[in-house]
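This briefing goes through one structure by topic, with short notes under each heading. Please keep the sequence and the 3D view at hand while reading.

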Amino acid sequence: MPSRLLDLLDREQSARARAGRWVAAADLPAALTAADGHLREVNGAMEERLGPGSGDIAAYLAGAYEVDDSLIYRMATVARRRGLSIATVAARIGANPTQTVAVRSHEAGLLIWTLPEPSELCIGATADADDTARGLRNLAQHHSGFPGRADMIRLALDGVPTALMHLDLDGRVLWANALCREMIGGMPVPGIELSQIVESLGRPVEAFLAEASADPRGRREMVRLRGASGDTFLHIVLTRSVFEQDDILVGVLSDASEIRSLEDKFAQSQKMEAIGKLAGGVAHDFNNVLTAISGHSDLLLLGKDALHPDYSDLMQIRQNTHRAAALVRQLLAFSRKQTLTPKLLSVQDVVSDSLYLLNRLIGEKVTLIVEHGAERGFVRADQQQLEQALMNLVVNARDAMPGGGIVTIATRVLSVSAEAPVQGINVPEGDYVEISVSDSGTGIDPAVIDRVFEPFFTTKPQGEGTGLGLPTVYGIIKQSGGFVFVENRPEGGACFRILLPQTAAGTPDHATEASAEATERQDLTGHGTVLLVEDEDPVRSFASRALRLRGYHVLEASSAEDALKIVTTAETVIDVLVSDVIMPGMDGPTFAAEARKMRPGLRVVFISGYAEDSFRRHLLDHDFLFLPKPFSLTDLTVKVKDALGRSN
C-alpha cells in the first residue's frame, strides 16, 4: 500500500479516535457519524435518552423527535459548509415539547451530533440576543477542549440580530458577524485596522481604542464609515473582554445615520437662528447709518437742480444708498425682521402680474410655463416681498440651466387634513395655496441640498452670487406664516414648493400709494411741536433739521429717560412724539406708554430698522404710525403730517 494512502488512513483513524474520545466524555447526549450519517459512536447520555444506537442518525433521532432525512441532510450540509448547524424540533416523548439538535463538522468528514437541553441553549423563535449569546456560551462549555470551539461560537454568533466585531487591543479586526459585515460593506480583511474602516469625528480612532482598552466600562463613539457612497455614520461601543484566554475588544455597532441627520438638522436650525439674529442686528445698525447718509444727501439736494455741479454726485450717493438699503432688506428678510405690508392677494394675479419681468430675467434660452389650478387661491402677504421671493426662485432655476431649459411655475389650492411632517417639518392642518417653481436642469447635489437656505452658501463660482437669494425666500415665506421646501424631481431638475395659509376669498387689495413725484408736489409743511427721541446722533441730527425745514418746532432727546423729563414738564406742548423703538435703557414703546399716561391722546410715530410686527404684537396700545428705516426727508415729513391729521 502506498505511503501516502497509509498516511491518509492514519489521519482518519486519529481524527475518529479524537472525536470518539470527546463524544464519550461529553456530559450531554452526543453521537459521532460518518459523512453519510451512519452512526459510529454513541455516548452514555445519548443511549440513556434514545437507547442503543445503530443505523443512521436520521432513523435514530426519529424515534423521539420530528425529524426526517431531508432535515438531517440540510443540517449536515450546513455544518460541512459553515462548521455548525442548529435546529429546534418537536419532541415525540419527554416533558419538553421541543428539543435543540446541534451538529458540528469534524476532521475527515466526520459529524458530531448533540442534544443540548433548552435551559442550556436558549435559541428559539422568541429568544432575544442576550439569551442566544448565553445559550451559545453554555454550548461552548459542553464542548470544552474540542478543537475549533472559538470558531463554533463565532459561527453561531454570525446570525444574531446585532452587529458584532472582535478586535485585538491594538484595534486590528479579528472577526465580524454577518450583520456587521453588511453594515461596513463587506468582509473585513483579517488584521485590518479599525481606523481603515471608520474615521472618528474630531479625534483619532487610536485615542478611542486606547480609552476603551483602559476603561472596564467601555467607550461609545460616533464614527463615519470610510468609502461609503454617502455619509454613513455608526455608533460603536467597544468593551474589553476575554475570549479564548486572549484579551480582546468586543465592538457592538448600530447605524446612526438617521440620528446624525437629525442632529445636523437641529444644529443647522440653531446656526440659522444665530446667524439670523446676527444679520438682524447688523441690518438694524446699518439702517441707522443709511438713514443718516440718505437723509443728509436729501438735505444737500434741497434747492439744487440738475445743473448744479454737485447734483450728480449727490444723486450717486442717494442711488447707492438705495442699493445698500435693498441689500439690508435681504438681510432683514432672512432674519424675518423686515417690514411687511400684508394684504389680501390672489396668488394667480401676483404670478400673472410678474410674468413680464420674469420673462425678461430668464433670457431667450429658457422657456417659462405657468400652470394655474382650477381653484383661485387667496393669501394675506406682502405683494412686493412675495414677488421678490418668486423672482429669486425663477432666477435660481435659470442659473441651474446654463444651456437653457424649462422653468414651470404652478399654483394650486390644497388641504392638509392632519398635522403632517414634510421633510422633517410639521405642517399644521388647514388649507394652503401652493406655489411651485421647478426646472428641467440636473437637480441639486444631494450632499448640499439641505444647505441651500443657509445664508452665504452658494454652488456658483466665486464672485457670482451673494448666497442670499434662497435665504431671502426662506425668510420672506416664514415671516408670512408659510413654509418652503426643496426637492429633486424623479424626472430631473429641482422643485421649490411654497405653502402659504389660504385666506377666505374677498376683494384683493390694490396699492393706492402715490408716486414719488406726486408726493414731492404735496404740501409737506406743517406747524406744531415734535418730540424727537433717537439715540443715534447722525439720525437725530438729520431728522430734526428735516422737520425744522418743514416748519415744525422740534424738541430733541437722546434717550427715553431724557424724553420723559420733557414730557413731565407741564408747560411744554407736544403735538407728535417721534421715537426710535430700540434704545439703551427704556425702549420706545415703554416710553410712549408712560408718556400717554401723562398726556392721553398723544400722537406717536415709531421709527425702527426692525419690522413693525416684531414689536407690535407685544403692545397693548396699537394706536401709532410706523416709519421703517432707512427713510428719506419726504418719508419723515409725510408721516408726521399724517400723525397730525389724526384726531386725538
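Strand 18, which spans residues 430-439, is mostly covered, with 8 of its 10 residues buried. The model described here is predicted.

**Strand 18 and its partners**

- Strand 15 (residues 405-416) and strand 18 run antiparallel and are joined by 10 bridges.
- Within that pairing, V407 stands opposite D439 of strand 18.
- Strand 18 also runs antiparallel to strand 20 (residues 494-501), with 7 bridges between them.
- V433 has L500 of strand 20 as its bridge partner.

- G443 sits in the loop between strand 18 and helix 14 (469-479).
- With a relative accessibility of 27%, G443 counts as partly exposed, whereas C495 is buried at a relative accessible area of 8%.
- G443 and C495 are 52 residues apart along the chain, and their C-alpha atoms are separated by 8.4 Å.
- Leaving aside neighbours within four places in sequence, G443 is in contact with N488, G493 and A494.

**Nonpolar cores**

- The largest nonpolar core has 38 residues, and I409, I444, F453 and I477 are those with the most contacts inside it.
- Helix 13 (residues 383-399) gives the most to this core, contributing 6 residues.
- Not counting residues up to four places away in sequence, I477 touches L386, A389, G482, F483, V484, I498, L499 and L500.
- Another core lies apart from this one; it has 24 residues, among them V42, A58, M75 and L115.
- In soluble globular proteins, nonpolar side chains tend to be buried together.

- An open sheet of 6 strands has the order 7-6-11-10-9-8, with antiparallel pairing.
- Its edge strands are strand 7 (173-176) and strand 8 (198-200), each of which pairs on one side only.
- From one strand to the next, the twist averages 35 degrees.
- Helix 9 (residues 205-214) packs on this sheet and touches strand 8, strand 9 (219-225), strand 10 (233-243) and strand 11 (246-255).
- The direction of helix 9 makes about 40 degrees with that of strand 10.
- Strand 6 (residues 163-167) and strand 7 run antiparallel and are joined by 3 bridges.
- M165 has A176 in strand 7 as its bridge partner.

- A second topic is the open sheet of 5 strands in the order 22-21-23-24-25, where the pairing is parallel.
- Strand 22 (553-557) and strand 25 stand at the edges; each has a single partner strand, so one side of each is left without a neighbour in the sheet.
- The twist in this sheet averages 20 degrees from one strand to the next.
- Strand 23 (residues 576-580) and strand 24 (residues 603-608) run parallel, with 5 bridges joining them.
- V578 stands opposite V605 of strand 24.
- Helix 16 (residues 537-549) lies across strand 21 (529-533) and strand 22, and runs at about 165 degrees to strand 22.
- Helix 18 (residues 588-598) lies across strand 21, strand 23 and strand 24, and runs at about 170 degrees to strand 24.

**A cis peptide bond**

- K629 and P630 are joined by a cis peptide bond, with omega at about -5 degrees.
- P630 is found in the loop between strand 25 (625-628) and helix 20 (633-645).
- Most peptide bonds are trans.

**T321 in helix 11**

- T321 lies in helix 11, which covers residues 311-334.
- T321 counts as buried because its relative accessibility is 5%, under the 20% cut-off.
- The side chain of T321 reaches the backbone oxygen of I317 at 2.6 Å.
- Not counting residues up to four places away in sequence, T321 touches L290, I293 and S294.

**Cysteines**

- The structure holds 0 disulfides.
- C180 counts as buried, with a relative accessibility of 0%.
- C495 is also buried, at 8% relative accessible area.

Terms used. Residues numbered from 1 in each chain as written. Predicted model: local features only at pLDDT ≥ 70, side-chain atom pairs only at ≥ 80, totals over all residues. Heavy atoms only, no water. Core = buried A, V, L, I, M, F, W, Y, C linked by side-chain atoms within 4.5 Å. Buried < 20%, exposed > 50% of the residue type's maximum accessible area, 1.4 Å probe, protein only. Helix = DSSP H or I, 4+ residues; strand = E, 2+ residues; numbered from the N terminus. Contact = heavy atoms within 4.5 Å. Pairing = 2+ DSSP bridges. Axes fitted to C-alpha atoms, helices over the stretch in contact; angles between N-to-C directions. Disulfide = S-S within 2.5 Å. Polar contact = N/O pair within 3.5 Å; in protein donor to acceptor, adjacent residues only side chain to side chain.
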